[in-house]
Amino acid sequence: MKILFVQPANTTNKNFINSIFKKIKITSIPPLTLQQVAALTPKKYKVELVDDNFEKIPYKKKVDLVGITARTCSVLRAYEIADEFRKYGIPVVLGGYHVSGLPEEALQHADSVIIGDAENTWPQLLDDFEQGHMKKKYVASIPPDPTMIKSPMRNLVCDISITATIQASRGCPHNCEFCALPNITPYGSISRTRPISDMIAEIKGIKQKFIAFLDPSISIQPEYFKKLFTAMIPLKKKFSAYANIDIAYDDEFLELAKKAGFKSLSIGFDSISQETMNTVGKKINKVENYKEVVKKIYDYGFSVIGCFIFGFDTDKPDIFETTSQAISQLDLDCIRVNILTPLPGTPIFHKMDQEKRILTYDWSKYDYQHVVFQPKHMSPNELLEGTKRVIIDFFNMNNITKKILLNLKKDLINKDLNYTAMITSYLISSYIYHQNLVGLNPLIRKLGINEIQV
Ligand code: B12
Ligand code: SF4
């Protein structure tokens, strides 16, 4: 039996720079999802994976079953692909965050859906399929035992990315109202860690020097990660990860992370308003500590990418200016700025839906770069334009040049250009990320080229 997995294209990122990366088939963060599901597939089945970002979908290929993953912003493309395969009589299974949040909607385009993690349900589904009685829904009502999480089949795609990806833990106990992770499954807020021996074996098998951890946050389970870091030291790789600000309160953790090879951390500051952080459930963020947190992380030699979100109900029109000032005072190496997006299945979605504030149910716009709801204290356009201003403020030629030159100076003293190279690559990838929102502003516009959409 042959199974074809399909990664639907990210249809919103159709900008000029991304199209170049797609032509050369490079992605900065290789996905793990379908590679991990493929690894769960019993060896008696033949598996293939096609990435719609780079390849043509082989609708006429003789396969017995198609499995497609989808997050909200790519789900419409996933449905399109599913509908097409089903026209050819090939049964389709859909899974992923959006499907888990809205299974009934997904079932209009699929023969079966996987709700939540697939470690227990996918092998069961395949058994049922072979015996001719595949059910409509397979629900993971309890979290799978982390020992069942398999190393992804990285060889399924042509992998020439500079960075590889890995995941040591799933679930997050912080229950932020806007986040899909703790809210989509009944067990999403339970943090679960994989055995350290599995992690070390997996890292040893990765050819890339740079590895990005895709965990919700490495500061959730400090004692586990300290043990993992200790075991990672001899592997001599370079790592990056997402973390919360509490990472800075534990020197032993930072010291071990440094020894293990961590170079950069993406920190979810999200807002510079304490009122906002308290009302959306991210009480872990103490705004008064941000400055000290960043300094501490810098002292250990990591770079910091600060993540921010605009559009919370407590955000007033002055939030953009005050955040830009805070970003400048924090002297962040790089930023990621997003527009609040009420993802289906989250408390924020239910609330806005009930209050009739959702402006569009076109899921392709749920990419954190469109305003899809009526903000409380400003117009949708003010939210969009304010967010753009924060991005443009940061990515101005002087600021970027200053950041690169300062790091270059430090690196020349230390006779190691790694830090400068890393910061430059983060600035470039973050700039590309924001290009959809702000166009080719401001660096390329200076050269007289206007926004190019392809
Ligand atoms: C890596 C990542 C990214 C990478 C994407 C890399 C890539 N090339 O695809 C980057 C940084 C680019 C990114 C961007 C975005 N991301 Co993102 N990202 C993640 C992250 C950290 C890890 C995802 C992952 O690989 N998990 C590991 C795999 C194994 O787990 P999994 O996907 O849950 O899959 C399991 C099950 O769901 C199931 N399953 C899933 N699909 C299928 C399909 C089949 C057929 C079957 C059988 C089973 C199955 O089986 C798997 C094994 O159990 C998650 C948060 C997290 N820690 O999970 C957010 C997350 C997926 N992202 C999210 C979002 C919102 C975005 C953005 C829209 C916004 C943003 N600014 O971050 C953009 C949109 C990009 C796009 N167009 O797709 C949301 C998705 C919510 C939703 N409803 O869609 C998440 C959950 C973050 C969150 N906190 O809310 N992201
Ligand atoms: S801390 Fe991060 S991963 Fe955890 S619930 Fe909040 S936003 Fe989601």
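## Nonpolar core

The largest nonpolar core holds 118 residues, and Phe-5, Ile-68, Ala-82 and Leu-94 touch the most other members. Helix 17 (residues 418-438) is the top contributor to this core, giving 7 residues. Domain 1 (2-139) and domain 2 (162-394) each supply at least three residues to this core. The model is predicted.

Take Phe-5. Leaving aside residues up to four places away in sequence, Phe-5 touches Leu-34, Val-37, Ala-38, Val-47, Leu-49 and Gly-67.

## Ligand 1

Ligand 1 is surrounded by 37 residues. Gly-67, Thr-69, Arg-71, Gly-95 and Ala-118 are the closest. Several elements give two or more residues to this shell: helix 2 (33-40), strand 3 (65-69), strand 4 (92-95), helix 4 (97-101) and helix 7 (180-183).

The shell around ligand 1 divides into 18 nonpolar, 14 polar and 5 charged residues. Ligand 1 lies between domain 1 (2-139) and domain 2 (162-394), because both give residues to its shell.

## Ligand 2

The surroundings of ligand 2 include three cysteines, Cys-172, Cys-176 and Cys-179. His-174, Asn-175, Leu-181 and Pro-182 also surround ligand 2.

By class, 6 residues of the ligand 2 shell are nonpolar, 5 are polar and 1 is charged.

Methods. Residues numbered from 1 in each chain as written. Chains lettered and ligands numbered in written order. Predicted model: local features only at pLDDT ≥ 70, side-chain atom pairs only at ≥ 80, totals over all residues. Near = placed C-beta within 6 Å. Nonpolar A, V, L, I, M, F, W, Y, C, P; charged D, E, K, R; others polar. Helix = DSSP H or I, 4+ residues; strand = E, 2+ residues; numbered from the N terminus. Domains from an automatic or database assignment. Core = buried A, V, L, I, M, F, W, Y, C linked by C-beta atoms within 7 Å. Buried ≥ 20, exposed ≤ 12 C-beta atoms within 10 Å, placed from the backbone. Contact = placed C-beta atoms within 7 Å.
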